[in-house]
Amino acid sequence: MSLNYKASLLQKIEQRTAVVGVIGLGYVGLPLALAFADRGMRVLGFDTDPKKQELLNAGRSYIQHIPAERVKKALEDGRFAATAEFGRLRECDAILICVPTPLTETRDPDLSYVAATTREIKAVLRQGQLIVLESTTYPGTTDELVKETLESTGLRSGRDFFLAFSPEREDPGNSSFTTTTIPKVVGGCDPDAGDLAEALYAQAIAKIVRVSSAAAAEAAKITENVFRAVNIALVNELKVVYERMGIDVWEVLDAAATKPFGFMRFNPGPGWGGHCIPLDPFYLAWKARQYGADTKFIELAGEVNRAMPDYVVERVQHGLNLHKKSVNGSRVLLLGMAYKKNIGDTRESPAYPIARTLIGLGAELGYHDPLVSVLPDTRSWPGHPGLRSQPLTAEVLARQDAVVIVTDHSGVDYDLVLSAAPLVIDARGVYRAPHPKVIKA
Ligand SMILES: NC(=O)c1ccc[n+]([C@@H]2O[C@H](COP(=O)([O-])OP(=O)(O)OC[C@H]3O[C@@H](n4cnc5c(N)ncnc54)[C@H](O)[C@@H]3O)[C@@H](O)[C@H]2O)c1
């Protein structure tokens, strides 16, 4: 029987008549939905946020690197619509889950979004559907949480419906790679599910990397993020060591990176940020504990990277001290609130702990970020709603006691910063040559 379902879905996929449902239209889901729509497939996008549905159905985009024209074109061609009517999941032949996977306050996995979405799918699940989880999570989530919930309908994975995991590797702001050109890892809970997921993604994505199971695909994604987290921590630790030795870590890295083999460059910074690197490794750490295994590298990376915002604040204190000033009462401008350059995303940005600590020490804090015009009142930034980006003029800069480069967006006039500000704390290696006004952090 499953052969019939498989063959008929495969045919629909290959003829591009399969309807694709994407749940969660954020940084991952929206570009993915548009990638399938661009290839001529009908896509239904589901999101619980009414603002997002409204904007998308009006042909607008809320993600800076996705032009509204792409949304408009997909709408006009009748290939895309956004909805919150989860009953319409019934219309979809393939359903891709792209909802958040955050951590709880105690840094345990918060799978409540995945669980809620799975229950929505369960309510409409029918034979012959393909379900793919894309949200980053610990190995076993698809086989345990998703499969068990969907099988409680009486339908069987691999017989009645097909279940797979395929991690997103979106890198917002990276113009060299897009959703369609980044190779996509795919693993099914069974070989038929893997075949179907592979065939589906091959319609929109240039290269598919097939692995033997959903768990292997889950582990591949988390391995990539653990690798980044650990290497970021390593260079951050070296930065502090070399600073004490009077050695410039940027010069060291420039030199080390000339080795044509066996070295991969990572840059130090004010900490780690974004929806992935500070969070995902702890999904694995949590799961490993169930197996009695330790993840010492992950915990250590967390310790080192979480200490970096305080290190930046220490460097601010040091710089002000050289000017015979205290943080208390000083005007400090943070340059760049986003967690990385050239994007407007402030989720988990190290700029927040830096800002909170400086305010706690009595600084008069402002910021400039060309891509973040206002800081909303969120969990990362409670109590100071509506703080707005100041213009980066010579007058504003000259009024500061210190300017802290937290994120090195392109297009900022760093020469002006250096000439007009009395003191610059540089956490991103913007100024390579030593300068009396610059303190590297
Ligand atoms: N942002 C990235 O660069 C990136 C890269 C790789 C993987 N990921 C992973 O992809 C997943 C999604 O991340 P994101 O950055 O797109 O998050 P996001 O917050 O940008 O988007 C998630 C969307 O899901 C919606 N949503 C929440 N609950 C929902 C529900 N029950 N039903 C329908 N919609 C719901 C939200 O309104 C939001 O629009 C996460 O697991 C993340 O770790 C993200």
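## Around the ligand

Of the 27 residues around the ligand, those that come nearest are Val28, Asp47, Lys52, Thr101 and Thr136, where a residue is near a molecule or strand if one of its heavy atoms lies within 4 Å of it. The model is a predicted one, in which local features need pLDDT of at least 70 and side-chain atom pairs count only at pLDDT 80 or more, while totals for chains, interfaces and linings use all residues. Residues are numbered from 1 along each chain as its sequence is written, and side-chain values use heavy atoms, with hydrogens and water left out.

A backbone N or O atom of threonine 136 is 3.0 Å from an oxygen atom of the ligand, and a backbone N or O atom of threonine 48 is 3.5 Å from a nitrogen atom of the ligand. In arginine 347 the side chain takes part, with an N or O atom that lies 3.3 Å from an oxygen atom of the ligand.

## Threonine 136

Threonine 136 sits in the loop between strand E5 (130–133) and helix H6 (142–151); helices (H or I, at least four residues) and strands (E, at least two) are DSSP runs, numbered from the N terminus. Threonine 136 counts as buried because its relative accessibility is 10%, given that buried means under 20% relative accessible area, exposed over 50% and partly exposed in between (1.4 Å probe, protein chains only). Apart from neighbours within four places in sequence, threonine 136 is in contact (heavy atoms within 4.5 Å) with Thr101, Lys221, Ile222, Asn225, Asp280 and Tyr283.

One cavity of 30 Å³ or more is found in a search of the whole structure, and the largest cavity has a volume of about 40 Å³. On a 1 Å grid over the protein atoms alone, a cavity is a set of points where a 1.4 Å probe fits but cannot get out, and lining residues have an atom within 4 Å of a point; grid points are joined across faces, edges and corners, and a volume is the space filled by probe spheres set on the points. The residues that line the largest cavity include Leu32, Glu168, Thr179 and Ile205.

Threonine 179 belongs to the loop between strand E6 (162–165) and strand E7 (184–188), and with a relative accessibility of 8% it counts as buried. Its side chain is joined to that of glutamate 170 by a polar contact of 2.9 Å. Residues up to four places away in sequence not being counted, threonine 179 touches Pro31, Leu32, Ala35, Glu168, Glu170 and Ile205.

Glycine 336 is placed in the loop between strand E9 (331–335) and helix H12 (351–360), and it is buried, with a relative accessible area of 1%. Among the residues that glycine 336 touches, not counting those up to four places away in sequence, are Ala351, His368 and Asp369.

Most residues other than glycine have a negative phi. Asparagine 342, in the loop between E9 and H12, has a positive phi near 65°, and at 27% relative accessibility asparagine 342 counts as partly exposed. Lysine 324, in the loop between helix H11 (296–322) and E9, has a positive phi near 60°, and at 79% relative accessibility lysine 324 counts as exposed.

How values were computed. 1 Å grid on protein atoms, 1.4 Å probe; cavity = no way out; pocket = protein on both sides within 12 Å on 5 of 7 lines; lining within 4 Å. Polar contact = N/O pair within 3.5 Å; in protein donor to acceptor, adjacent residues only side chain to side chain.
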